[in-house]
Structure formats: C-alpha cells, structure tokens
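Trainee: I have a new model open and would like to learn to read it feature by feature. Where do we start?

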Amino acid sequence: MLKTPAQYRPGLDVIRLAALLPVLCYHFCIEAARLGFAVPAILVGRGMADWVEIGLAWFFLLSGAALCLQWQGRFRWRPYLVGRAAAMYPAFWLGFAVLFIYGEILHGNNAQIPRWRVIFSVLGVDGYLAPVTPTFYKIGEWFLGVILLLYLVFPLLLWCMDRPLRRRILLTALVALQLLWPALCPAPFEAGHTVLGRLPAFALGVWFGTLLRQNRTVLPRVLWALAAFPLLWVPAVPRLAVLLTISVPLFWVVYALGQRLPQRYWRLLRRPAAWSYGVYLVHHVLLTLVLLPAAARLGWPLPVWLPVFFLVSFALAALLTALAAPFARLIKRAA
C-alpha cells in the first residue's frame, strides 16, 4: 500500500497529473493527424501547442519545487545523486531494453549506428541528442535528457536560494536567458527543448519550493501575470517567456485547488500521480506503434480511442513502475 507522508501536499500531485493532460491529448491528436485521421484543426493548432507548453512549464516548476522541499537544509551530493538515479533510471532502462532487444537485436534495426552510442541511452540523453547525432532513441523524448541535466544544476540553484543577493542575481540572469535564448538557440534544437530553455522554469520552481517549505503562497499577487496573455499575439516577444509567465499563476491556482482536496481522496490521487513518469515514458510508443495502427485497422471512430489511450498508458506505467521498484531499491543499497 502506498503510504502518505505526514507533510503530503495533494496540490503538487494535482499539478503533476494536470501537466500530463495536454501532453497526452496533443500527442494523440497530432499523431492521429499524421496517419490521416480527421482531426479538428483546433486540436493540432497553435492554441493546443500553447496548452502543452503550459503543461510542460508546470512539469519543470513542479520538479524544482519538489526537489527543494526534499533537499533544502539537508543537501548532500551522494544521497541526492543516488536518489535521482534510483527515481529516473530503472523505469527508463527497462522500457528502453525491451524496445532495443526487439528492434535492434531481434530485427537488426539501425545497424548503421555504431553500437557504442548506446551509452547515450544508458545515460538517458539519447532523445535530447537525437536532433544532432544518430542515437538509439526509443523513449523518454527530449524532456528526459533535459531534466537529468537540470538535476546536476539543482545544487547551484539551491545555494542561490540562501541569500537575497544571490536570488536577485539569479533572477536577472534567468530573465535575460528566457528572453534571449529563443533567438540564440542553434539549429536544429528548439529553444524549449534544451536545458537553457527550461532552466528558468526549473529555477523558478526551486524558489517556489522555498515558499512552500514556509507554507507561503504568492496568491493572489501573482495573478497579475495573466495580463501577459495578449503578448502571445505580439511576434516580437518570445513566446516561451510569455507562456512561462502565464503558467506561473495557473500553477498556483491549480495547487491551491488541489490543497482543498479532502483527505479521503489523497490515496486515490497519489497512486496515478506516482505513475506519471511512467506515462511520460510509454505513451508515445504505445500511441504510434500499437494504438493508432489498431485504430486504422479496426475503423472505430477516433474519439473512442482517446479514453483507451489514457487507460492503457496508465496501466502500462503502473506495470513499469512496479517492475522498476526492485531495481531502484538495488541502486540505493548498492550505493
């Protein structure tokens, strides 16, 4: 049974699941459109992509906040790195190994890629590096490499939170980065798919974690940031910066609503939230290799497949999480 910690914050798990919703919906619609299904333009257009961007911003804000809640005031490198490795790698390695054995070993796919490049997959950065060099990228996409690299930056960000002057210097640097990086990011990378593109959201999340540790909130003051919404129609303003600005008040609103969830529902919330990482790993493979090809063969209406997609994604994520748990414990014991 999943135990509920004494300092459990249901609002964070509500954000974790809410951040998944636009990603799953967008990937479902965009991949269906690519296979020739009739998908309303509004579901694959700019508005939908912006919704996804807000969900991704929530993910990085949440990651920074959760790490700060866990490690501020007690940070040590060894248990931190072991904990991050145990949390991220076992599920990824298991999912990758199944696909690698099936595709590369049994069917000889990607024979032109040198086998030594599997090290990128072992490290979890194959999806991040795929735009610039051939890798054995299977699952995890760009976000896995980004978050793993941001984990290495986290101790510096945590150190910056200790002093007001450090926080001000960090804020100035991050504002400049958020505004300038979209113009400076080299092709073929997208600014939002890079470590520097996500560093401002992650660092802001670390600051949010310091507030949560003190049971402080920035509501309702932060709601003024919603005034940035019209800037989405101003081409000269970096869209990534505007969407991060908008995502901040929405983050706090969703958190506040989640905190009001009655305690009798906490366990029901924690279990699917614990599977969310697994959902990120498996959903795209499930969608492109299994579900949409089945939809094309059977001819059922596309809306029927969306709830199936959600249910099967979470079921596979639950299985992957359960299979990965012994390996996570092994990493902790070995370290």
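Mentor: With helix bends. The bend at a residue is the angle between two axes, one fitted to the seven residues ending there and one to the seven starting there. Keep in mind that this is a predicted model.

Trainee: At which residue does H3 bend, and by how many degrees?

Mentor: H3 bends at Tyr89, by about 35 degrees. A proline, Pro90, follows within four residues. Helix H3 covers residues 77–105, which is 29 residues. A straight helix would reach 42 Å at 1.5 Å a residue, but the end C-alpha atoms of H3 are only 37 Å apart.

Trainee: Where is the kink in H11 centred?

Mentor: On Leu287, and the kink is about 50 degrees. Helix H11 takes in residues 276–298. After H11 comes Gly299, with a positive phi near 75 degrees.

Trainee: Which residues other than glycine have a positive phi?

Mentor: Start with the general idea. Most residues other than glycine have a negative phi. Glu141 is one of the cases to look at here, with phi near 55 degrees. Asn215 also has a positive phi, of about 55 degrees.

Trainee: Which peptide bonds are cis?

Mentor: Again, the general rule comes first. Most peptide bonds are trans. Here, a cis bond joins Ala187 and Pro188, with omega about 5 degrees. Pro188 sits in the loop between helix H7 (164–184) and helix H8 (195–213). The bond from Leu219 to Pro220 is cis too, with omega near 0 degrees. Pro220 lies in the loop between H8 and helix H9 (239–259).

Trainee: How many aromatic pairs are there?

Mentor: Two rings pair if their centres lie within 6.5 Å. The count comes to 29 aromatic pairs. Take Phe251 and Trp252. Their ring centres are 5.9 Å apart and their planes are at 80 degrees, so the pair is edge-to-face. Phe251 counts as buried, at 0% relative accessibility. Trp252 is buried as well, at 0%.

Trainee: Which residues do ring pairs link into a cluster?

Mentor: Trp71, Phe75, Trp77, Tyr80, Phe154 and Phe202.

Trainee: Which charged ends sit over rings?

Mentor: Look at two arginines. The charged end of Arg84 sits over the ring of Tyr151, 5.0 Å from the ring centre. The charged end of Arg270 sits over the ring of Tyr8, 5.3 Å from the ring centre.

Trainee: Which residues have the most contacts inside the largest nonpolar core?

Mentor: Phe28, Ile147, Phe202 and Trp252, in a core of 103 residues. Helix H2 (residues 46–71) gives the largest share of this core, 15 residues.

Trainee: What is Phe202 in contact with, leaving aside its neighbours within four places in sequence?

Mentor: Its partners include Phe60, Ser63, Gly64 and Leu67. Phe202 also touches Ile147, Leu150, Tyr151, Phe154 and Leu157. Two of these names came up earlier. Phe154 is in the ring cluster with Phe202, and Tyr151 carries the charged end of Arg84 over its ring.

How values were computed
Residues numbered from 1 in each chain as written. Predicted model: local features only at pLDDT ≥ 70, side-chain atom pairs only at ≥ 80, totals over all residues. Heavy atoms only, no water. Helix = DSSP H or I, 4+ residues; strand = E, 2+ residues; numbered from the N terminus. Expected span 1.5 Å × (residues − 1). Phe/Tyr/Trp six-rings, centres within 6.5 Å; stacked < 30°, edge-to-face > 60°. Buried < 20%, exposed > 50% of the residue type's maximum accessible area, 1.4 Å probe, protein only. Lys NZ or Arg CZ within 6 Å of the ring centre and 35° of its normal. Core = buried A, V, L, I, M, F, W, Y, C linked by side-chain atoms within 4.5 Å. Contact = heavy atoms within 4.5 Å.
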